[in-house]
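Good morning, colleagues. Please bring up the sequence and the structure, and I shall then take you through several of the local features.

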Amino acid sequence: MESFKLALVQHNSIVGRKSENLAATVSWVRKARRKGASLVCLPELGVTGHAGHAAMVREAEAVPGGESVDALSELASELDMYICAGIAEDDRGIHYNTQFLVGPEGYVGKQRKVHLSNDEYFYFRGGTDLPVLELAVGRVGMIICYDNSFPEIARCLAVKGAELLLCPHAARFGKWPRNAQRRRRIVADHKDRFAITHSARSLDNGCYVGLCNAAGQAAVGLRGVDANHSGGCMVWDPTGRLAAQSRSRDIRDEMVVADLDGRAVAERRSQRCFNLQTRRPEVFAALCEPTA
C-alpha cells in the first residue's frame, strides 16, 4: 500500500433528483482533489438517494455503462484520482444497492450490498460477491452500511488482501428533529455506534477503515416516508485507533481528508501472533451453518 490522502464525504442526496445529486458529487470530488486526495469515497446510494420508497430505484442505471458511472469515470481520468460512489444499479430490470469505483483508467469495479436492511428488501436484490480491487494506491474492499454488522465480510476482504475498507453508509433515524440539541445528540450517538463496530474491524483485520454516512433529509416530496440521515465521516488506522473524523456536531455536509501511512498495514500484519497469519480456518465450519 502507498501513502496517500483519503477523502470521505458526508452529504445529502434527495431521492428522485439524480442530476442534482450527481452535480453535487462532482463538486465534492473536485474539492477532494484540490485538497490532495488520491481517493474519495461518497455515501451509500449518494447518486440516486436512499429512502424506503419505490422512487429510490426509478433512476437506477447500469454499472458499468450508465450515464453517471461514465461521467464520474471521465472525471476520475481528468483529475487522475479514484472515486467511490453509491448508486441504484439496474441489471436487466433487477436492482442492486451498489457502490462502484472508477479511476484514471476508467471503471474499476463494484460491490453490491449483500445484506439488505429494513424496507430495502422490497426494492433491491442482495449481492453475492466480495471483490478486492487493485488500485495504484493499494488494495481496497467496499462494505455497504448494514453489511458492516457482519464481521465475516471484513474478514473475507482482509483474507483476500484488502488494505483499506471503504464503508459508505446511509444510516437512517426517525422523525427529523427541529431542535438542534436533539440533532446533535443523534449525530453523537450514531458516531459512537460506528466507532464500536468499525474500530473492531480495523483492529481485527490490521487495515485502514474509512466510513462516510449520508447527511440530511433524503425523502423530500415523498409522502409518508422518513429518510433522515445523521452524517459522520471517520477513519481508523490498522491498530483500531481513530485517526480522523468529521467535526460537525449538527447534521450538515462535510468532507474529511486523512493521511494514510503506506507502511502501517504491513507493519501491523507482520507483528508476532497477528491473527490473519495464525488463524485456523479448519475449525470455522460453524460460520457456514444456520444459526442454532
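Predicted model: local features only at pLDDT ≥ 70, side-chain atom pairs only at ≥ 80, totals over all residues.

Two strands are said to pair if DSSP finds at least two bridges between them.

S1 and S15 pair in the antiparallel sense, over seven bridges. Within that pairing, leucine 8 has valine 256 of S15 as its bridge partner. S1 also pairs with S2, here in the parallel sense and over three bridges. As a reminder, strands of a sheet pair through backbone hydrogen bonds, either parallel or antiparallel. S1 is mostly covered, with six of its seven residues buried.

What do S1, H1 and S2 make together? They form a β-α-β unit, and it is right-handed.

I turn next to the helix of that unit. H1 comprises 17 residues, 18-34, which at 1.5 Å a residue should span 24 Å; the C-alpha atoms at its ends are 24 Å apart, in agreement with that expectation. Which residues of H1 are buried? They are Lys18, Asn21, Leu22, Thr25, Trp28, Val29 and Ala32. Because they cover an arc of only 125° around the axis, they lie on the same side of H1. The face turned away from that buried side carries the exposed residues Ser19 and Arg34. As for what covers the buried residues of H1, the list includes strands S1 (4-10), S2 (39-41), S3 (82-91) and S15 (254-260), together with helix H2 (67-79). After H1 comes glycine 36, with a positive phi near 90°.

Let us move to the interior. In soluble globular proteins, nonpolar side chains tend to be buried together. In this model, the largest nonpolar core has 25 residues, and those with the most contacts inside it are Leu6, Leu39, Leu101, Leu135, Leu164, Leu166 and Leu260. Apart from this core lies another, of 23 residues, among them Leu22, Ile87, Val102 and Met255. Returning to leucine 6, and leaving aside neighbours within four places in sequence, its contacts are Leu39, Leu164, Leu166, Gly210, Val256, Val257, Ala258 and Leu260.

There is also an open sheet of three strands, ordered S9-S12-S11, with antiparallel pairing. S9 (172-173) and S11 (215-217) stand at the edges, each with a single partner strand, so one side of each has no neighbour in the sheet. S9 is joined to S12 (residues 228-230) by two bridges, and these strands run antiparallel. The bridge partner of phenylalanine 173 in S12 is asparagine 228.

Finally, I come to the backbone geometry. Most residues other than glycine have a negative phi, and most peptide bonds are trans. Where does the model contain a cis peptide bond? The bond from valine 63 to proline 64 is cis, with omega near 0°. Proline 64 belongs to the loop between S2 and H2.

Two further residues deserve mention here. Arginine 92 is not a glycine, yet its phi is positive, at about 55°. This arginine 92 sits in the loop between S3 and strand S4 (94-103), and it is exposed, with a relative accessible area of 79%. Asparagine 118, likewise a residue other than glycine, has a positive phi near 50°. Asparagine 118 is located in the loop between strand S5 (106-112) and strand S6 (133-135). Is asparagine 118 buried or exposed? Asparagine 118 is exposed, with a relative accessible area of 61%.

Key:
Residues numbered from 1 in each chain as written. Heavy atoms only, no water. Helix = DSSP H or I, 4+ residues; strand = E, 2+ residues; numbered from the N terminus. Expected span 1.5 Å × (residues − 1). Buried < 20%, exposed > 50% of the residue type's maximum accessible area, 1.4 Å probe, protein only. Arc of directions from axis to C-beta. Contact = heavy atoms within 4.5 Å. Core = buried A, V, L, I, M, F, W, Y, C linked by side-chain atoms within 4.5 Å. Right-handed = clockwise from strand over helix to strand, strands pointing away.
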